[in-house]
Amino acid sequence: MPVGIKPLAYNSLWQLRNDTWSSLEESTTQLALAEAQQRPVEQLVETVTGSLDVLGSIEGFWAFPGVQILREVQRLFAAGHYDRLAAVVGRANRALVTESYRGGHAWDLRAEDDDAYDRDTRPAKQFGSERPYFEVLVVEDLTEKQENSLREELRRWRRPDDQFIYEIVVVPSFDEAVMAARLNFRLQACVVRRRFAHHSRHDSPLLAQFIGIDGSDDLMEHTPDDRAQALARSLAKIRPELDLYLMTEISVEDLAGRLSHHFRRIFHAREGSLELHLSILDGVAARYRSPFFSALRNYSHRPTGVFHALPISHGKSIVNSHWIKDMIDFYGLEIFLAETSATCGGLDSLLEPTGPLREAQQLAAEAFGSRKTYFVTNGTSTANKIVVQALVQPGDIVLVDRNCHQSHHYGLMLAGAMVTYLDAYPLHQYSMYGAVPLTEIKRQLLALRRAGKLDRVKMLLLTNCTFDGIVYDVGRVMEECLAIKPDLVFLWDEAWFAFARFHPVSRPRTAMRAARTLAGRLRLPEYRERYDAQATEIGAIDAADDEVLLRQRLTPDPARARVRVYSTQSTHKTLTSLRQGSMIHVWDQDFSQKVEATFHEAYMTHTSTSPNYQILASLDLGRRQAALEGFEMVQKQVENAMRLRDAVDHHPLLSKYMRCLTTADLIPAEYRPACIDQPLRSGLPSMIEAWDCDEFVLDPSRITVYIGATGIEGDTFKRQLLMDRYGVQINKTSRNTVLFMTTIGTTRSSVAYLIEVLVTIARELEAQLADMSPNERDAYERAVERLTAPSAPLPDFSGFHPSFTDGHGVPTPEGDVRRAFYLCYNDSYCEYLTPEEVEQRVENGDQVVSTTYVTPYPPGYPVLVPGQVFSKEILSFMRSLDTPEIHGYRADLGYRVYLDKALEIAATTRPAPRPDQLNRSK
Ligand SMILES: Cc1ncc(COP(=O)(O)O)c(C=O)c1O
């Protein structure tokens, strides 16, 4: 590693590049000075050489400063023109820092006057040039002269009214194209020409450390078209949003029919570059469009007479008011100009969209890789209820993680589902749950199969990723479940995972990408062969022994499996959107035939007839941003998270009291065949390996900090220290942990502030400890002991009372939460019992049944649901809690439970099985 370059945090090669330009500016300035003062320069020469070595291997992936300026810098250095060298490097670095290069003007490397410096380094917007800037990758082996002439040719097509401005980056090989796509997040398009090499000519260990390349094997043997196809596939895998163009000299008409759908257009090289230039701009413009936002903005500037509801529309009820003028002062007028209840005049109706909203949703579907996307203005809480109602009929069995968000519990209750709760693996030490292991899901499905109830199973519902950042192997879960139940529907609650689509490492574990991948694989002949081989080995799945099926990785029958996948995302949680902006993404092969109508009804059930237009417009813009700069933002988010982790774990004082929990802490080894304890810290190739094969992985953007050694309980740490004293907001805590989330809105400065706050807290703690009396010291040590000792074990789901199970055929665990929920509306069926009374009854062997959800907060998961029996484990867990809120439990009265007579009535008033289910269950 060159002098002055520190080992890097995860995959931040672009950061290395920025830092290297900055250190180069510093060292070349010192070099010029040392030479002028006739001081020794050897050391500085070595430092500059080191920086230039680094830049030599990576600068070619960016247009600015790019190889052109770097070559000039190298030439000046070699010639010993240190003064000029310092000037050029200074200008280049200033331009990088101020991002003035985004103005897209050509640099005059020879200009030395102040005007040139000023022009080259002032932020682009100060020149009135706020056109978005991007870079276009050109893959072709070109000489320097050819490259310059291509650059000039494309620049000549620029027009003042172009919407955007771009520069090209030329790379000569497949490998370098892939590296550029990984590294340069300013790229929006790629032009593949036919002459490019297979591997890079430069063997760079620095790059190898960060980049995993696949897809280029054996390319030498293929035709140029095959190579172009393979490159398109690789690029689409890394950056599906990039517009790909092919430029070729051979018959484009022939090629057009044969080439991969990844190419947006094919051009004949001899026809010049104007069409290409226009297409590049057009491709980016397509993603830049935000139809609903534009419609709302246009509408807001039209004068209207409002003889409708909504007096606030156009700010009318506010501007003439004497008493609420501060509302305009605070919010600004525009937001009220955009308040309207109109659904025509260029606007649209969310309940039956035919115009800009429909188009905005289609653009979102493209960006998020779904077949259909629906906007939701009341959060994922509502999105979840819509999907469940659309798909689940009363009596259908749904398998769900017991620790899922409350909206699922209420949604399933309203839908009348028979609910089978799945247990996630517990992390007793940190008082948290992990995620549901695949064997637990398979075990439940197989039990239902044995009971002849598999036909009644409709849906599997899981949270990906969990609040604490545990991410499923979505594709594998679906594949194995479909082997047992080929028409199972999946609802993945991705409330916290919308951003994952925009990073190549996390994308394969999103529901939409996994659905598409699985559907594609099911069509492959190799897949059919794999299924046939499995049939030879274990026989038909329907007849195979449960233990074999649990042990074996299962392949579904491609002729029977249907890919039916839904995901709900709180856009507002991890991408840009106003609060409550969420999306439902659909990848269901049977949607139009089986679901569209009921989906519409469900959407109508839960959607306001006055949806908030500002939320909808922000979803449209959030999609635009994600499609154009999602990759950059997510990459930076991950890097910020790594910085935070490093800062906590490497700080001598902080690490005395706090520790970031690692993958190994949060995911037991049995779920991690890659055996990498800290994939995030071991470099991108390790991370890719773990994300490829481990059953669970950890979302790097979430950092759970273990604070047991502070002696301060998680909730107190959050409220009294972080929030009240320092204005740091966090969401989740457990007894001895606090969760810090980084998002695309997290800046390096906010990370620095957090570190500062944590260090201050640790210092104060040190000071308090130093002053403590022996008694106080004892109390502190007891607190630490309590927080660091294992808590009462987290209880598993204890089961429904038999009155609320279906009571037909072989008993299975699913319960009718809706009946159990509504039965207690009759007061005479219920009573309150103190915890001691419940304990006594449980001790006596009685079944005590909850009428309602009992949810300690934190952690926010129901420990009891309606119809569930109390267990000793639940009671001991509840006793050990010192959380401030327990929903569904009244401190003055105790638990609300069913009287025996209610349970008897429930047992005798069970609904008969649906006739369709009875017939099919045989
Ligand atoms: C897993 C999960 N799903 C759904 C929701 C609800 O999302 P929203 O706040 O968008 O309604 C949350 C909220 O925290 C959540 O954690």
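Let's start with helix H18, residues 406-415: seven of its ten residues are buried, so the rest of the structure largely encloses this helix. By buried I mean under 20% relative accessible area, with exposed being over 50% and partly exposed in between, using a 1.4 Å probe and protein chains only. Helices here are DSSP runs of H or I with at least four residues, strands are runs of E with at least two, and both are numbered from the N terminus.

Quick note before I go on: this is a predicted model, so local features need pLDDT of at least 70 and side-chain atom pairs count only at pLDDT 80 or more, while totals for chains, interfaces and linings use all residues. Residues are numbered from 1 along each chain as its sequence is written, and side-chain values use heavy atoms, with hydrogens and water left out.

Back to H18. Its buried residues are Ser407, His408, His409, Gly411, Leu412, Met413 and Ala415. And what covers them? The cover includes H17, strands S7 (397-401), S8 (418-422), S11 (457-463) and S13 (489-493), plus helix H33 (817-823). After H18 comes Gly416, with a positive phi near 75°.

Touching, or contact, means heavy atoms within 4.5 Å. Pro862 sits in the loop between strand S23 (855-857) and helix H35 (872-880), and it's buried, at 4% relative accessible area. Along the chain, Pro862 and Arg402 are 460 residues apart, yet their C-alpha atoms are separated by 7.6 Å.

Which element gives the most residues to the shell around it? That's H17, with four. The elements giving two or more are H17 (379-391) and helix H24 (571-574). In total 13 residues surround the ligand, the closest being Ser381, Asp493, Trp496, Ser570 and His572; a residue counts as near if one of its heavy atoms lies within 4 Å. The shell divides into two nonpolar, nine polar and two charged residues.

Some distances, then. A polar side-chain atom of Asp493 is 2.6 Å from a ligand nitrogen. A backbone N or O atom of Thr380 lies 2.8 Å from a ligand oxygen, and a side-chain N or O atom of Lys573 is 3.0 Å from an oxygen of the ligand. On its own the ligand exposes 390 Å², and the protein buries 86% of that.

Last stop, the nonpolar cores. In soluble globular proteins, nonpolar side chains tend to be buried together. A core here is a set of buried Ala, Val, Leu, Ile, Met, Phe, Trp, Tyr and Cys residues joined through side-chain atoms within 4.5 Å. The largest has 83 residues, and Phe292, Phe375, Met459, Tyr566, Ile584 and Phe599 have the most contacts inside it. Helix H26 (residues 613-650) supplies the largest share, eleven residues. A second, separate core of 74 residues includes Met418, Leu518, Leu549 and Ala561.

H26 also holds Ser618. Is that one buried or exposed? Buried, because its relative accessibility is 11%. Its side chain reaches the backbone nitrogen of Leu578 at 2.9 Å.

Key. A polar contact is a pair of N or O atoms within 3.5 Å; within protein, one must be able to donate a hydrogen and the other to accept it, and residues adjacent in sequence count only if both atoms are side-chain atoms. Accessible areas come from the Shrake-Rupley method with a 1.4 Å probe; for residues, only the protein chains shown count as cover. Ala, Val, Leu, Ile, Met, Phe, Trp, Tyr, Cys and Pro count as nonpolar, Asp, Glu, Lys and Arg as charged, and the others, Gly among them, as polar.
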